[in-house]
Amino acid sequence: MQTLIQQLINGLSLGSIYELLALGYTMVYWIIKLINFAHGDIYMLGAFWGYYVINYWHFNFIFALLSAMLVCAVSGVIIEYLAYRPLRHSPRIAALITAIGVSYFLENGMSYLYGSSTRSFPQIIKQVNYHIGGVQISNIQILILVTACLLMILLQLIIKRTKMGRAMRAVSVDSDAAELVGININRTISFTFALGSSMAGAAGVLIGLYYNSIDPLMGMTTGIKAFVAAVVGGIGSVPGASLGGFLIGLLETGVQAIGLSAYKDAAVYLVLIIILLILPSGIFGKNTKEKV
């Protein structure tokens with residue numbers, strides 16, 4: 001029982017990272033039906049920004065987290081403006097290929113500028129382990145869980161209770177009709193990219209604290225797993241992305257716990273296939289009928 005609870009705690013901590021990334025994927029798809037494969041690399045930029053400001057500007061954790069969210073939000077807006085907006089009315093495959101290209105550009109650009117070697121993330125918060133009933137939980141794990149949950153709640157409040165949130169919901173339903181009633185489509189989409197990218201920036205700083213290492217290619221595998229989490233939960237659904245992130249984190253730690261660490265990635269994709277066979281729209285996804 002203690003082992004089960006321990007793996008549950010580990011899985012929820014890792015799942016919190018996937019949750020934050022999955023939220024970015026699902027929000028962009030919700031608004032413009034685009035799979036932003038560069039999202040994982042925005043997460044990598046957040047990690048490197050946190051590494052830089054903590055090492056050289058001596059920021060504390062809060063300022064490092066907030067500044068990474070801001071930098072990634074601006075990066076997301078720039079990427080949307082330069083790479084995706086000119087292709088908004090092009091076939092979806094063109095935007096998809098562009099997203100993959102932007103991903104490779106960010107990865108190789110960071111490798112060229114800073115080298116491809118792994119760097120140790122500064123442990124600005126000293127790790128303290130608490131032992132409760134034979135189960136170990138660290139202050140870093142608690143911090144990750146609390147931060148991820150607070151950001152998810154904040155995101156829900158923005159979507160449900162703000163004017164921009166109403167605009168986002170309107171654009172997601174019918175962008176042409178939303179434009180006719182006076183909603184600025186470009187500003188709404190840019191805001192969505194900023195919001196999703198800021199979540200990725202927060203995830204980058206948190207994963208640096210959790211694993212104590214970062215590298216320019218760190219967003220590739222993690223980004224794909226977060227995309228799987230969004231699809232499993234029902235891409236386009238914020239609660240679904242959160243649930244999917246936690247499920248993928250629990251699955252990955254569970255596979256490692258039984259001694260099959262080499263197959264943890266395969267297990268994630270196997271679950272994706274099973275979910276899509278049973279629930280093609282994901283757990284919280286909605287089946288929509290299209291007139292042919």
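**View 1. The salt bridge between Arg 85 and Glu 80 in the predicted model.** Glu 80, which in this predicted model has a relative accessibility of 1%, counts as buried, and its partner in a salt bridge is Arg 85. The closest N and O atoms of the two residues are 3.0 Å apart. Arg 85, at 22% relative accessibility, counts as partly exposed, because the buried class is kept for residues under 20%. A search of the whole structure finds five salt bridges, and the pair of Arg 85 and Glu 80 is one of the salt bridges in the model. Side chains of opposite charge can pair when their charged atoms come close.

**View 2. The salt bridge between Lys 225 and Glu 252.** In this close-up the side chains of Lys 225 and Glu 252 meet in a salt bridge, with a distance of 3.1 Å from N to O. Lys 225 belongs to helix H9, which covers residues 218-233, and Glu 252 to helix H10, which covers residues 238-257, so that the pair ties together parts that lie 27 residues apart in sequence. Lys 225 counts as buried, at 4% relative accessibility, and Glu 252 is buried too, with a relative accessible area of 2%.

View 3. Asp 265 counts as partly exposed, at 28% relative accessibility. A network of salt bridges links Lys 225, Glu 252, Lys 264 and Asp 265.

View 4. A search of the whole structure finds one cavity of 30 Å³ or more, and the volume of the largest cavity is about 30 Å³. The lining of the largest cavity is made by Asn 36, Ala 38, Ile 42, Gly 76, Ile 79, Phe 193 and Ser 197. Helix H3 (61-84) and helix H8 (185-211) each give at least two residues to this lining. By class, the lining residues divide into four nonpolar and three polar, with no charged residue among them. Rolling a probe the size of a water molecule over the atoms shows where empty space is left.

View 5. Leu 243, Leu 247, Leu 270, Ile 273, Ile 274, Leu 277, Ile 278, Leu 279, Ile 283 and Phe 284 make a nonpolar surface patch of about 910 Å². Two or more residues of the patch come from each of the elements H10 and H11, and H11 provides the largest share, five residues. Leu 243, which is found in helix H10, counts as partly exposed at 30% relative accessibility.

**View 6. Two loop residues with positive phi.** Lys 33, a residue other than glycine, has a positive phi near 55°. Lys 33 is found in the loop between helix H1 (2-32) and helix H2 (39-56), where Lys 33 counts as partly exposed at 32% relative accessibility. His 58, although not a glycine, has a positive phi of about 60°, and the place of His 58 is in the loop between H2 and H3. At 66% relative accessibility, His 58 counts as exposed.

How values were computed. Residues numbered from 1 in each chain as written. Predicted model: local features only at pLDDT ≥ 70, side-chain atom pairs only at ≥ 80, totals over all residues. Heavy atoms only, no water. Salt bridge = Lys/Arg side-chain N within 4 Å of Asp/Glu carboxyl O. Buried < 20%, exposed > 50% of the residue type's maximum accessible area, 1.4 Å probe, protein only. Helix = DSSP H or I, 4+ residues; strand = E, 2+ residues; numbered from the N terminus. 1 Å grid on protein atoms, 1.4 Å probe; cavity = no way out; pocket = protein on both sides within 12 Å on 5 of 7 lines; lining within 4 Å. Points joined across faces, edges and corners; volume = space filled by probe spheres on them. Nonpolar A, V, L, I, M, F, W, Y, C, P; charged D, E, K, R; others polar. Patch = residues over 30% accessible without salt bridge, like charges linked within 9 Å, V, L, I, M, F, W, Y side chains within 5 Å. Areas by Shrake-Rupley, 256 points an atom, 1.4 Å probe, with all protein chains shown as cover.
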